[in-house]
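Welcome! Here is a short briefing to read alongside the model, grouped by topic.

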Amino acid sequence: MSARIIPVQPFDYVVFGATGDLTKRKLIPALYHRFADGQFDERSRIIGVSRSELSDADFQKIAREAVTEFVGKEYRDEKTLARFVSCFSYVANDVTDQAGWADLEKTLRTDPEIVRAFYLAVAPSLFGPICDYLDNKGYWRRDARVVVEKPLGHDLESSMEINDQISEVFAEDQVYRIDHYLGKETVQNLLALRFGNILFEPIWDAAHIDHVQITVAEDVGAGTRGYYDDSGALRDMVQNHLMQLLCLVAMEPPASDDANALRDEKLKVLRSLKPITGDNVARATVRGQYRGGAVNGGSVAGYQDELPAEKRGSRTETFVAIKAEVENWRWSGVPFYLRTGKRLANRVSEIVIQFRAIPHSIFDHAEGAPKANRLVIRLQPDEGVKLFLMIKDPGPGGMRLREVPLNLSFAETFHERTPEAYERLLLDVIRGNQTLFMRRDELEAAWRWIDPIRQAWDNASDAPQTYTAGTWGPTGSVALIERDGRTWHEGDY
């Protein structure tokens, strides 16, 4: 990393769900990288809380093992790791058993200069009991922060119920709702691209853009534990990740980079989305479920075969494609095609801005017809930005046109490790910067748009279309976009 690292204030980060998968895979490795880069030191503490009876040494061992497993060898240093794990302590606590509530006084400091943050890496059903615990034990204070992970409900009603429980203790400016996609470098670069350059904003509208594609494709399956079956792709990916990406593409320029200025503009986009209800659901959406096939050269089972026996026959979707429309002056008539799924051909997340064709070509088609410009923002893997332009093919003879990309590859340009999203987000909490976190009204506006689609699917007699694992989804997805005379971007990046 560069010398631009700015240390944060010392903090007490209390992690509920300290022995869970999220803590081991994401939170501890992310904090290690920030520690190794000097963004915080031993004056900060990471306090693990869960029901398991562990000692401080046990939790430090878990932290050490998490770093060893999930941090690249080239970034690990034994002396740094020893200093890092010395920040860890542990408190066994079952927040659902009020009579046995444990105390945090020995580890939680009262110095107002020490930032206090609570990370709830637990099921949403525990958000309310944990907030009660923090309030009743006197650990809440006005400058404390609470971080919550998705899923924040399975529909609008349950989402409001969860947020009501949190808001009984914490004010909205204390709540940090994580969508880790917003912490990705390329997503933040979308803001820089749009609002840090004069080039794009004058042509960022329906007069110049034909359509937008947002794809978040995974080659992994849904897992064998059945958790995914209660959610499905619409709730798990579209309601949060894809809709947040849509907002960043479609929103008006905010007045500043203030968190609420940006979130106000995203909220306007969500409220401008054309509702998809009734018969329109069948025309504007496609849901799919993978069957057995081949991914990355190996055979894989179908979704039904992966499910526990009691869940076989499930109609949960593992793939979703949606044609969304933003009903405002800037985007009138410009479709936003959203697509996400598991067991697809590749693991790739990208935003494609397809510009309109030039109004008149001065070139004879025999010499190569000009193609419309295309901007591809790759979120993962190979983060970067490509702008496809037409140039003259070098050489003597006639004027032959050729499409070539202007390529900004992060790996080739910056020659340094790209931080994981959690690294940025975890310390944004300490900084008190809510820019990359969802506000409650955003979340609820997203559910208002999603719920009618979910309800129509639940009421429909037909099952999700099947698709072979290792492909780009069901044929209905292709038909969704091709009946508009367009096609999905699936070529080389």
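**Cavity, sheet and a buried histidine**

About 50 Å³ of space lies in the largest cavity. This is a predicted model, and a search of the whole structure finds 1 cavity of 30 Å³ or more.

**The cavity lining**
- Leu182, Val187, Gln188, Leu191, Leu248, Leu262, Lys266, Thr435 and Leu436 line the largest cavity.
- At least two lining residues come from each of helix H6 (185-195) and helix H8 (259-272).
- H6 gives the most to this lining, with 3 residues.

**The sheet**
- An open sheet is formed by 9 strands in the order S16-S15-S14-S13-S7-S12-S11-S8-S18, with mixed pairing.
- Strand S16 (401-409) and strand S18 (465-468) are at the edges with a single partner strand each, so one side of each has no neighbour in the sheet.
- From one strand to the next, the twist averages 20 degrees.
- Strand S14 (residues 374-380) and strand S15 (residues 384-392) run antiparallel and are joined by 5 bridges; Arg378 stands opposite Gly384 in S15.
- H6, the helix that gives the most to the cavity lining, also lies across strand S13 (348-355), S14 and S15, running at about 150 degrees to S14.

**His33**
- His33 belongs to helix H1 (residues 21-36).
- Is His33 buried or exposed? His33 counts as buried because its relative accessible area is 9%, and the cut-off for buried is under 20%.
- Beyond its neighbours within four places in sequence, His33 is in contact with Val71, Tyr75, Arg417 and Glu423.

Note on methods: Residues are numbered from 1 along each chain as its sequence is written. This is a predicted model: local features need pLDDT of at least 70, side-chain atom pairs count only at pLDDT 80 or more; totals for chains, interfaces and linings use all residues. Side-chain values use heavy atoms; hydrogens and water are left out. Helices (H or I, at least four residues) and strands (E, at least two) are DSSP runs, numbered from the N terminus. Buried means under 20% relative accessible area, exposed over 50%, partly exposed in between (1.4 Å probe, protein chains only). Contact means heavy atoms within 4.5 Å. On a 1 Å grid over the protein atoms alone, a cavity is a set of points where a 1.4 Å probe fits but cannot get out, and a pocket is an open set with protein on both sides within 12 Å along at least five of seven lines; lining residues have an atom within 4 Å of a point. Grid points are joined across faces, edges and corners, and a volume is the space filled by probe spheres set on the points. Two strands pair if DSSP finds at least two bridges between them. Axes are lines fitted to C-alpha atoms, for helices over the stretch in contact, and angles run from 0 to 180 degrees between N-to-C directions.
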